[in-house]
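Here's a protein chain to explore together. Take a look at the sequence and the 3D view, then read on for a tour of a few spots.

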Amino acid sequence: MLELELRFEGGATRVQVVALPCDIGRATQSHLRFSAWRVAKHHARLEQGEDGVYIEDFGSLSGTWVNGARITRYGPLCPSDEIVIGPCLICIRAGSGATALPVLPGPAVQEGDIRGSAARQSSSILDAGQSLPSWNSSREHSEAVADLTSAPVADAFLLQHRRRLHAALLEALDLRRRDIAGMSDAALRSEATAALSHIIRDDRELPEGVDRQGLLQEVVDEAVGLGPLEPLLDDPEISEIMVNRHDEIYVESAGRLRRHRMAFSSEQAVLGVIERIVSPLGRRIDESSPMVDARLRDGSRVNAVIPPVALRGASLTIRKFPQRRLQMQDLLGVGALSIPMGEFLQACVVQRKNMIVSGGTGSGKTTLLNILSNCIPAGERIVTIEDAAELRLAHQNLVALEARPPNLEGRGRIEIRDLVRNALRMRPDRIVIGECRGAETFDMLSAMNTGHEGSLTTLHANSPRDALARLETMILMAGMDLPLQAVREHISASIHILVQQARLSDGRRVVTAIVEITGMESGRIQTQELFRYREGHAEQAHAFSGCGVMPECFSPQDLARAGLSAELFSGHSILHEASAVFPPSAPSGAIAG
């Protein structure tokens, strides 16, 4: 026998004991019958499996939902799982008669009211006054309870209390009737801390051994801050934070991914954090626009995706950047390139060579672009153009431009291509584009070839030859009716140096090749490799080496002026004694791309 707790949209609640297998549907012979149009005649079945109780959907139109995700078969079920069929939310009560059912302390829907519970959980600090969609049209936005089968029992127990205290705090602050626009973050946090202190002091459900001060901090962080992300953002060893769903957080440290024990209390808490990040930037995220790129105050890059696009719940990815500006010395310190390669790249920037940094996702392109941009002489005027501002340049004569998404009416969108065209009228010496993704590539190359030499940008590609092919494709995306021969001539005349980056299997990020574009021959863009990264044999260390070729874009006078010798481009390169060439800097944190 299985004891089920049934909670309906109207607020009715009842407990029902059923035998397995249990058919659920609208038909009169169903063991668990719901008279609602959203329930099929033969909708689903609960049955005993080898390792627990499973639920299977019979292909119903409205579907069977478990923890906010539509399923065909799911199990083994545990008491923390929430099953939604039509107008009813079904929870399996802990301690019921299912022999193989895992029994972990999981939170039930609070106060017996689905709609009221969702509304209380949705009262985040910055979306006060925003109405929650109705239960039947927004199953994805219902509060998803954590899958606790892989978490320690103590964590599951504390998660239940965190969710309860979070709802109590929001109710105590009465956010829907308060004007918080004029309150500073410190004042809001202080008031929330005081209110929650009184709640915890009078609470009789918390066990004696619980760290009440730590629990208070976690709940306040989630209500008015970034919740469990705050200690992760403060950790200098963590370079990337990935929230797959509210109870599943992964972090990257030293190039390795691992699951973190921290979690949000609910799906609605993640949505509240996303709203607090994007709202100050004038951006929006909702069902009509479920994806957004943003940044934190420290410059960290944020990408958020919410249902209906994110099937398992709201997802958040944060790419952290070091608190201080990295220098070439830092890349040498972690073995990302060699001293001759660093000298050459610095000389290319000073001598106003047009450069493109290419590589895969997370390979370190933005970090290298920032370091190269800081090599630009102080007397020049720079205009940076980005989709979401990430570059942190130290120049005084700097103008930073950022693209803008459309507003609620679908108007006001400003593309990167519009900013590139406008930048040409701002008298820049150099234009730095965070990343070329489309038609703006043609305008960028035109700027490189018409008086803005020394400009820099990045693009996604797995090899130098792939980078050239992507450039051709993106120029054709600009809608210019140009033959491929003219496109290739445009590329070869505009770009001097292509720097290829890669992330290795051990998590290291290295410059794998520095390639010069030398012109056209037989209708193809000609390149020559100046430096390469070679992965040695078992008895030989990884090494960078020059290819023995002198760059054609440097005249002998340019090489002498830059202090470069022919020996720089031949033989094996070393990774140490960099302080003799580049000034030392403070120890660096994780270098992320």
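## The big picture

The protein chain has 14 helices and 27 strands. Keep in mind that this is a predicted model. Of the 593 residues in the chain, 54% are buried.

How about links along the chain? Take the contacts between residues at least 6 apart in sequence: 57% of them join residues at least 24 apart.

Let's turn to some helix pairs. Two packed helices are described by the angle between their axes and the distance between the axes.

Start with helix 10 (residues 416-423) and helix 11 (residues 440-448), which pack at an angle of about 20° with their axes 8 Å apart. Angles under 35 degrees count as roughly parallel, so helix 10 and helix 11 are roughly parallel to each other. Their crossing is left-handed. On the helix 10 side, the contact is made by I416, R417, V420 and R421, while helix 11 brings E440, D443 and M444. Sort the residues of this contact of helix 10 with helix 11 by class and you get three nonpolar, no polar and four charged.

## Helix 11 and helix 12

Now for another partner of helix 11. Helix 11 and helix 12 pack at an angle of about 110°, and their axes are 7 Å apart. That angle makes helix 11 roughly perpendicular to helix 12.

Which residues meet here? From helix 11 come T441, F442 and L445, and from helix 12 come L471, M474 and I475. The contact of helix 11 with helix 12 has five nonpolar residues, one polar and no charged.

## Helix 11 and helix 13

Helix 13 (residues 484-494) packs with helix 11 at an angle of about 50°, with the axes 9 Å apart. That makes helix 11 oblique to helix 13. The crossing of helix 11 and helix 13 is left-handed. In this pair, F442, L445, S446 and M448 of helix 11 meet H490, I491 and S494 of helix 13. By class, the contact of helix 11 with helix 13 has four nonpolar residues, three polar and no charged.

Let's stay with helix 13 for a moment. Its buried residues are V487, R488, H490, I491, S492 and S494. What do the buried residues of helix 13 pack against? They pack against helix 11, helix 12 (464-476), strand 24 (509-521) and strand 25 (524-534).

## A look at Q501

Now zoom in on one residue, Q501, which sits in strand 23 (residues 497-503). Is Q501 buried or exposed? Its relative accessibility is 5%, and buried means under 20%, so Q501 counts as buried.

Its side chain has polar partners, too. A polar atom of the Q501 side chain lies 2.7 Å from the backbone oxygen of S363. The side chain of Q501 also reaches the backbone oxygen of G364, at 3.3 Å.

And the neighbours? Leaving out residues up to four places away in sequence, Q501 touches V357, S358, G359, G360, S363, G364, K365, L368, V510, V511 and T512.

Definitions and conventions. Residues are numbered from 1 along each chain as its sequence is written. This is a predicted model: local features need pLDDT of at least 70, side-chain atom pairs count only at pLDDT 80 or more; totals for chains, interfaces and linings use all residues. Side-chain values use heavy atoms; hydrogens and water are left out. Helices (H or I, at least four residues) and strands (E, at least two) are DSSP runs, numbered from the N terminus. Buried means under 20% relative accessible area, exposed over 50%, partly exposed in between (1.4 Å probe, protein chains only). A polar contact is a pair of N or O atoms within 3.5 Å; within protein, one must be able to donate a hydrogen and the other to accept it, and residues adjacent in sequence count only if both atoms are side-chain atoms. Contact means heavy atoms within 4.5 Å. Axes are lines fitted to C-alpha atoms, for helices over the stretch in contact, and angles run from 0 to 180 degrees between N-to-C directions. Angles under 35 degrees count as roughly parallel, over 145 as roughly antiparallel, 65 to 115 as roughly perpendicular and the rest as oblique. A crossing is left-handed if the near helix is turned anticlockwise from the far one by less than a right angle, and right-handed if clockwise. Ala, Val, Leu, Ile, Met, Phe, Trp, Tyr, Cys and Pro count as nonpolar, Asp, Glu, Lys and Arg as charged, and the others, Gly among them, as polar.
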